[in-house]
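Me: I would like a close look at a single part of this model. Please set out where the part lies and what surrounds it.

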Number of protein chains: 2
Amino acid sequence: MAVYTQVADHDLARFVAGHGLGELTSCKGIAEGVENTNYLLVTTTGRYILTLYEKRVDVKDLPFYLGLMEHLAGKGIACPLPVRDARGDQVGVLAGRPAAVCTFLDGLSVRQPGVSHCALLGEMLARMHLAGLDYPRIRANALGPSGWQPLYARFSARADQVQPGLRGLIEEELATLLPVWPMGLPQGVIHADLFPDNVFFLGGRLSGVIDFYFACNDTLAYDLAVCLNAWCFDAAGRYDRAKGQAMFDGYQRVRKLNEDEQAAVPLLARGAALRFLLTRSYDWLETPADAIVKPHDPDDYVQRIRCHRELVTAAAYGLES
Amino acid sequence: MAVYTQVADHDLARFVAGHGLGELTSCKGIAEGVENTNYLLVTTTGRYILTLYEKRVDVKDLPFYLGLMEHLAGKGIACPLPVRDARGDQVGVLAGRPAAVCTFLDGLSVRQPGVSHCALLGEMLARMHLAGLDYPRIRANALGPSGWQPLYARFSARADQVQPGLRGLIEEELATLLPVWPMGLPQGVIHADLFPDNVFFLGGRLSGVIDFYFACNDTLAYDLAVCLNAWCFDAAGRYDRAKGQAMFDGYQRVRKLNEDEQAAVPLLARGAALRFLLTRSYDWLETPADAIVKPHDPDDYVQRIRCHRELVTAAAYGLES
């Protein structure tokens, strides 16, 4: 949400020249993502996004993320394509930070996704999952179920400061979900953070998917469960079965969920809600009250967990087998 | 530096349609200016900057600012042109905020201006001054000399918290400058905040001037004095006479300074430094220590005042009569 790192004129010019992008005609710091510094570059050859990676991104994971974007773009997925420099490298250094430049994607993210957006999203997600099956790099999901208990331990004593009763709720969820978490479902590369602000639409089609900086190897159907949480609840916190159904239908037009995946949907959806409740609660406690970048309100995910506790069958989510 | 106000999809679409901008293909929050929320819009007809005015801009001043931009653009000054809506209005309402959309200007701001940039800036400033002479609206300079003492009174008791001795320095400057401040020099519309980040260059020419939200009626030569402070000091805080000379020469190729203006340069430059020292000191004290948007360091202007005390003739600034 903020530009953190400033780039000197000549360093930027050298970086642009080193990537064969033509002459720079404009450079604007943009509020895309909260983790990194992003600039929208306009050059005589087109538009690009320049990203300087700040502390929260681990440099050793950059080849996984950028290689994945190149892999997916090569298979026709509408994601940013990293531009390699004259030496063939995807990652350079700019203003003392690891930096990469990618192609720009047209389109607008939607704040209030409709049923048709959910259908397009489901279809794109399945296409991404298939396209990623032969991606050769591996990255574990640091925010998968094995990471939930350690993350919670960092703020458990303060959890009720977020809201009264949160400690009890989280501990119940951990105790319920971890022992029965489905481990044998089809695995692959997942986006793991496919919220509406990471997806662009244009003229009735899905025109772009961005922000692969949580991508990892994990259960494919869990990625769909993240999207159910991110796309299929209304402003009042109620699950919208029509949106869920559209997303499942879109997904299954491209990749059919097997019986085990279908049966696991309620559990995966509830686990995905817990994952975001944990990170949002932690960020909520760690962010100064007067910071300009406000953390997301964890309460949205308290509400979702309460919903998931009632939705115990895949059919209740709109999945028609 | 940050996007403060979010806009709902349908509100944005309606605003864009109401201004006849074509179909929206992209919308990015950008880090232009610290006062307002700015979005870079790309549509089928071109690029635009959408500005939502936040609390620090007084709505009743918007007709002055936007009318000035239209006036100057109409006279060939490379500044953003506000796009009027179907009813002919420059200011609309979006997300509960006053909002305006302007044409986008290509070009890059320079962080380390050179002599040639200063020459181009001086010439553009004089052209703006001439172009503004018949602008019919009037706005007083709230940060002119009559505002310095009241602004200082708001933090005088805490001034030494910014740095030891600041209180004494400011009070000496106020006592020295206010009684002899030149009041009879040619007046007109001034930009009043023409720092390098508000000026774009492209291909060896000055391609744009932005951010007219401090523009007002005041002494024309004072605008030049602001630019001497903003453009002609090196990173070590020393005045660069060659840059000053280039700026004066550029200015005077378009508009010759009269003898009184020339003689007043040292005083005006010292006063302009005091004006920025006052606002930066105030912002420094009022901004929370952990805010993401860091206030400018007032010390730069303490150093400038010390320089100005030594530069007592116009010739010392590089002005050749």
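Reply:
**Helix H10 of chain A in its setting**

The domain assignment, automatic or taken from a database, divides chain A into domain 1 (9–103) and domain 2 (115–317). This is a predicted model, in which local features need pLDDT of at least 70 and side-chain atom pairs count only at pLDDT 80 or more, while totals for chains, interfaces and linings use all residues. Residues are numbered from 1 along each chain as its sequence is written, with chains lettered from A and ligands numbered from 1 in the order in which they are written.

Now to the helix. Helices are DSSP runs (H or I, at least four residues), numbered from the N terminus. H10 of chain A covers residues 299–310.

A residue is buried if 20 or more other C-beta atoms, placed from the backbone, lie within 10 Å of its own, exposed if 12 or fewer, and partly exposed in between. In H10(A), A:Tyr301, A:Val302, A:Arg304, A:Ile305 and A:His308 are buried. These residues are on the same side of H10(A) because they cover an arc of only 160° around the axis, taken from the directions from the helix axis to the C-beta atoms. An α-helix has 3.6 residues a turn, so residues three or four places apart point the same way. A:Arg306 and A:Glu310, on the other side of H10(A), are exposed.

The buried residues of H10(A) pack against helix H6 (166–177), helix H7 (220–231) and helix H9 (259–286) of chain A.

Terms used: Helix = DSSP H or I, 4+ residues; strand = E, 2+ residues; numbered from the N terminus. Expected span 1.5 Å × (residues − 1). Contact = placed C-beta atoms within 7 Å.
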